[in-house]
Amino acid sequence: MMSARATLALIVSVALLAVPWVLPSFYVGIFAYAGIYALVAVGLVLLLQAGQISLGQGAFMGLGAYGSALVARAYGVDTLVTLVLSVSATALVAALIGFITLRLRGHYLPLATLAYGIALASVFTAWHEVTGGASGLDKIPPLSLFGFALTDDRLYTQLIWAITLLAVLGLSRLRTSRTGRAIATLEGHDGLAQAFGIDTTVLRVKVFVFSAVLAALAGALYVHLLRFVSPSPFSLLTSFKLLIMAVVGGPMSAAGGVIGALTLESAQWTLQDILARWGLSGNLEVIVFGVILVVMLLKWPQGLWPAVERFLPKPTLRSRAGEGLARTVLTENRGEVLLRLESIGIRFGGLQALEGIDMELRRGEFVGLIGPNGAGKTTLFSIISGLQRQTTGRVTLFGEPLPTGHDIVRRGMARTFQHVQLIPEMSVIENVALGAYCRTDAGFLRGLFALDEHENRQALASARAALERVGLGAEADLAAGSLPLGKQRIVEIARALVADPQILLLDEPAAGLRFSEKLTLVKILRQLQAENVTILLVEHDMELVMGCVERLVVLDRGRIIAQGSPKDVQANPAVISAYLGGGRDKAA
Amino acid sequence: MSDTILFLLVDGLTNGLVYALLALSLVLVFTVTRVVNIAQGEYVMLGALTLADLLQGRMPGTLYLLIGGLALCAILDVGRWRRDWRQASLYTGGLIVAGIVALALTRGALALHLPVIGMMVVALILVAPLGALIYRFTVHPIPNATTIVFVIISVGVSMSVQGLGLLIWGANPYPVDPIAAGGLMMGPVFIPYQSFAILVTALLAMGGLYLFSEFTLVGKALQASAMNRLGAQFCGIPVNATGALAFLLAAAFSAISGMLLAPLITANYEMGFMVGLKGFVGGAMGGLIDYPLSLVGVMIVGGLESTSAYVASAYRDVLVFSLLIPILLWRNTRSRVEAR
């Protein structure tokens, strides 16, 4: 049984594939180019989803185009072979560029893409002996395999659109897969990504390479359709137009790329027609394109897709039936030291934020970390969870040195965040399923080609179970951003639970919670304690802390001033003076 | 051989100084508004072509851009009119007066046949406010957008402005008179006076910006917005005004660089974009935040450009833009050290 949405997608696809056969031959070419640009734009949409940008996508098209055209022309090899070769070569180049540039933060990345875009495009012109320079090369062979050439323009156009639609299908699939959920964290949720085992650099490079592959493929298809290669179609202007297509369609869905490409190509032909009628020549339509780009980003940053999607039937949700991932049964072997901090210190410039922190966390313990504002709780928490490195001392987890960022969760330590880190547009259950990232392994390609069904169902089933456990089963399919803050905090706990942790780090989980929500929280915490989960809790709500934890660690001004049972700590004069003041002057 | 080296040195220095004014603009805009302004180079083009028009006794097309921009500004702010008539009429009145002043100034300058330097000042007065208008249209409505959104917006601005340049001036190049014709033989190498003019103007501009930032209240407000936007806002600094001011000053510096560059290469609608990007390559050396390091960067860019133009001219742009990769790698290792 197909869903209404899938049926509609199928109908639209069939219609698009039929278009070349009903258009007059002049328009077939235009439609073919639209399909080629759509293919690149779809890749750019993926980049935007990952919070990345490329102002040099035209250069990757050019690499694919020149690679395939030159080899085919010189050696007479079947062009399908040269196409695969040149797309692979482009992927290698993109991987190299990606590893160099994608570590860069913020404002460097767009500049870097612009720079290699121009540098590569200049090579096409400058390397005259090989590329034919600015005037280009003709006699490029058509697309062929085993000597059979594809010379029918309508059939070729159909092929282009088939590839583009497959890319859209694959990327739509990817978005609801393990990798797709991880990609959603790449825009501005680095701490979250790291905490749940996502290697953001590698994932960014993968996304970048895939978008380059689509561009190279599009370039190669372009050049064997036109049978002529020159630098101008791969210039910066093309890169900019492709970017506009992606922005116009919007980053919400791969289909946005197709909508953007069709919109912009129609706009271009219409505008050129009008301009010609007014007797104006040159690329004056860019004035309008620039305005479109600015207005879209100012008024409709999500692009046209949401406006289209309103009229579509709801997408089918991926299955979450059956058993979830197996949970580790935790032993009651209390007393074993799981986490040990030895003389931890950290300096920020002239500020010694923490000094000489010695602390242990034993299996099954429920420890509270408290202290007045500015005591260093959050910093200590960041060090324990691997977001920050201490200046002195060492942290051992299960007897080994604390691994770097994204490996920590794999060792069995998961966390929640003080400032809620959920992907607001993504559904609650998908946010929670992010917790299973470290326990599953379907990669980019398995997500793309829908070879992750079993594993994805398990991950979602685990997420569903975790949500039911914390009493949010009914909210599973709402957008996470639509929940009230208190529920969002509980969702964070559910997500951490799906990671199947032995140690759970909770960073102010009760902040902003209503009374009834706090009761739920306490219930969940007690239950986890009964299941022998080791918990470290940072919290300001003293009533909640005192009522739950077995042991308290009190920080003040970067040092531990007291440790012990809640009762002892409450009676400790150092603690009282730290919280209420007064004693401090005498001590000093 | 040493002649060649000397020539390349002078040429590289001249290029470097032109890019220095761009890098100055880019750093100023980035630090105050967090906008990576791909469109910065378009002010180079506007400055050069406006000067070309003025020197040839034509009404510059820039004037229409300015008046159009002011009108659009008035239309966009129509919402204010409903609330406060007095403020609104002052505001629109101000815009109208600004338009009339610009028109009168241009007519006067054309009637008086001012010398090159005079015309440069008039051109500057016409181009610089466009920076503030662009800020009003593209940054002011979404002050908290991400870097990427601003980059894409500036791409749109660049396309539109370049297209308008093509519409107004056409694709033909325009010759522009230098401040002083002729040049000087320094040993075996001929150095045009224009190169000296570039040197002096660049130094004046940099010195002026420094003095302005350090010794005036407005300049300090600009610095404060650059260091901490939110903090500056709490101190009562109108951050939108400082943003617009940064855009205006940056437009002025870039326009000056265009007017100085044009006599060496002729002015055309495409000339600005690449100059802007080369300013970026140099500015990246200072992470777009550090003026002195950006200067070092643009000098390296200028030198590499001259050398490669001499050794392998076809690959000049390839080499110049590939330079960004080692620069960024170097920045990257630096920023890691800083993070530790």
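1. Conventions. Residues are numbered from 1 along each chain as its sequence is written, and chains are lettered from A and ligands numbered from 1 in the order in which they are written. Because the model is predicted, local features need pLDDT of at least 70 and side-chain atom pairs count only at pLDDT 80 or more, whereas totals for chains, interfaces and linings use all residues.

2. Overall form of chain A. Chain A holds 24 helices and 12 strands; these are DSSP runs numbered from the N terminus, helices being H or I of at least four residues and strands E of at least two. Along the principal axes, the C-alpha atoms of chain A fill a box of roughly 90 × 55 × 50 Å. Of the 588 residues in chain A, 51% are buried. A residue is called buried if 20 or more other C-beta atoms lie within 10 Å of its own, exposed if 12 or fewer do, and partly exposed in between, with C-beta atoms placed from the backbone.

3. Contacts along the chain. Two residues are in contact if their C-beta atoms, placed from the backbone, lie within 7 Å. Among the contacts in chain A between residues at least 6 apart in sequence, 76% join residues at least 24 apart.

4. The six-stranded sheet. Chain A has an open sheet of six strands in the order β8-β9-β10-β5-β11-β12, with mixed pairing; two strands pair if DSSP finds at least two bridges between them. Its edge strands are β8 (413-415) and β12 (559-564) of chain A, each of which pairs on one side only. Within this sheet, strand β5 (residues 366-370) of chain A runs parallel to strand β10 (residues 534-538) of chain A, and four bridges join them. Leu369(A) stands opposite Val538(A) in β10(A).

5. The four-stranded sheet. A further open sheet in chain A has four strands in the order β4-β3-β6-β7, with antiparallel pairing. Here β4 (351-362) and β7 (400-401) of chain A are the edge strands, and each pairs on one side only. Strand β3 (residues 337-348) of chain A pairs with β4(A) in the antiparallel sense over eight bridges. Arg347(A) has Gln352(A) in β4(A) as its bridge partner.

6. Helix α20 of chain A. The 16 residues of α20 (residues 515-530) of chain A should span 22 Å at 1.5 Å a residue, and the end C-alpha atoms are 23 Å apart, which agrees; the expected span is 1.5 Å times one less than the number of residues. Leu521(A), Leu525(A) and Leu528(A) are buried in α20(A). They cover an arc of only 60 degrees around the axis, so they lie on the same side of α20(A); the arc is that of the directions from the helix axis to the C-beta atoms. On the other side of α20(A), the exposed residues include Phe515(A), Lys523(A) and Gln527(A). The buried residues of α20(A) pack against α19 (485-498), β9 (503-507), β10 and α21 (542-548) of chain A. Just after α20(A), Asn532(A) takes a positive phi of about 70 degrees.

7. The contact between the chains. Chain A contributes 35 residues to the contact and chain B contributes 38 residues. On the side of chain A that touches chain B, α4 (79-101), α5 (108-126), α11 (236-249) and α13 (285-299) of chain A each supply at least two residues. Helix α5(A) gives the most, with 11 residues. The residues on this side of chain A divide into 26 nonpolar, eight polar and one charged. In this count Ala, Val, Leu, Ile, Met, Phe, Trp, Tyr, Cys and Pro are nonpolar, Asp, Glu, Lys and Arg are charged, and the others, Gly among them, are polar.

8. Helix α5 of chain A. With 19 residues, α5(A) reaches 26 Å from its first C-alpha to its last, close to the 27 Å expected at 1.5 Å a residue. It is mostly covered, since 19 of its 19 residues are buried.

9. Leu243(A). This residue lies in helix α11 of chain A. Leu243(A) is buried because 27 other C-beta atoms lie within 10 Å. Not counting residues up to four places away in sequence, Leu243(A) touches Leu44(A), Leu55(A), Ile152(B) and Val155(B).

10. A hairpin in chain B. Strands β1 (residues 183-186) and β2 (residues 189-192) of chain B run antiparallel and are joined by four bridges. Met186(B) has Val189(B) in β2(B) as its bridge partner. The hairpin has two residues between the strands, and Gly187(B) takes a positive phi near 60 degrees there.
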